[in-house]
Amino acid sequence: DTRITPELAREGMARDIIRQVQDLRKNADLQMEDRIVLCLATDSAELKRAIETHRNYIAAETLTKEWTDWIDYWSVDFDGQALTIALRKV
């Protein structure tokens, strides 16, 4: 079955969020082992659901030690939907 279910779509979104965070970690000159505080914010209901559903997976893959509200942030385009990512080294 090659249909993309809503669950598969959310998993794909989570994987792309991880890629975006990893790119920002690299741009911030963080080391691979550095832990971060992370904030993900969006007005998109689908992205919110993907983040909520895969929160632990996103945290594990990006070495997120703590989730927080707004700190320094970057806005990225996510398939036409705005996603704001904020992170800092712990």
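Visitor: In what order do the elements of the protein chain run from the N terminus on?
Guide: From the N terminus on, the order is α-β-α-α-β-β-β, where helices (H or I, at least four residues) and strands (E, at least two) are DSSP runs numbered from the N terminus. The protein chain has three helices and four strands.

Visitor: Before I go on, what kind of model is this?
Guide: This is a predicted model, in which local features need pLDDT of at least 70 and side-chain atom pairs count only at pLDDT 80 or more, while totals for chains, interfaces and linings use all residues. Residues are numbered from 1 along each chain as its sequence is written, and side-chain values use heavy atoms, with hydrogens and water left out.

Visitor: OK, which strands pair with strand 1?
Guide: Strand 1 pairs with strand 2 (residues 64-67) in the parallel sense over three bridges, and it is joined to strand 4 (residues 81-89) by six bridges in an antiparallel arrangement. Two strands are said to pair if DSSP finds at least two bridges between them.

Visitor: And which residues stand opposite Ile36 and Leu38?
Guide: Ile36 stands opposite Thr64 in strand 2, whereas Leu38 has Leu87 in strand 4 opposite.

Visitor: Is strand 1 mostly covered or mostly open?
Guide: Strand 1, which covers residues 36-41, is mostly covered, as six of its six residues are buried; buried means under 20% relative accessible area, exposed means over 50%, and partly exposed lies in between, with a 1.4 Å probe and protein chains only.

Visitor: Which way do the residues of strand 1 point?
Guide: Ile36, Leu38 and Leu40 point one way, Val37, Cys39 and Ala41 point the other way, and all of them are buried. In a regular strand the side chains alternate between the two faces of the sheet.

Visitor: What is Glu66 in contact with, leaving aside its neighbours within four places in sequence?
Guide: With those neighbours set aside, Glu66 is in contact with Ile36, Val37 and Leu38, where contact means heavy atoms within 4.5 Å. The C-alpha atoms of Glu66 and Gln20, which are 46 residues apart along the chain, are separated by 18 Å.

Visitor: Last topic, the whole chain: how does its radius of gyration agree with that of a compact globule?
Guide: A compact globule of 90 residues would have a radius of gyration near 12 Å, and the 13 Å of the protein chain agrees with this; the radius is taken over C-alpha atoms, and the globule rule is 2.2 Å times the number of residues to the power 0.38. Along its principal axes the C-alpha trace spans about 40 × 25 × 20 Å.

Visitor: How much of the chain counts as buried?
Guide: Of the 90 residues of the protein chain, 38% count as buried.
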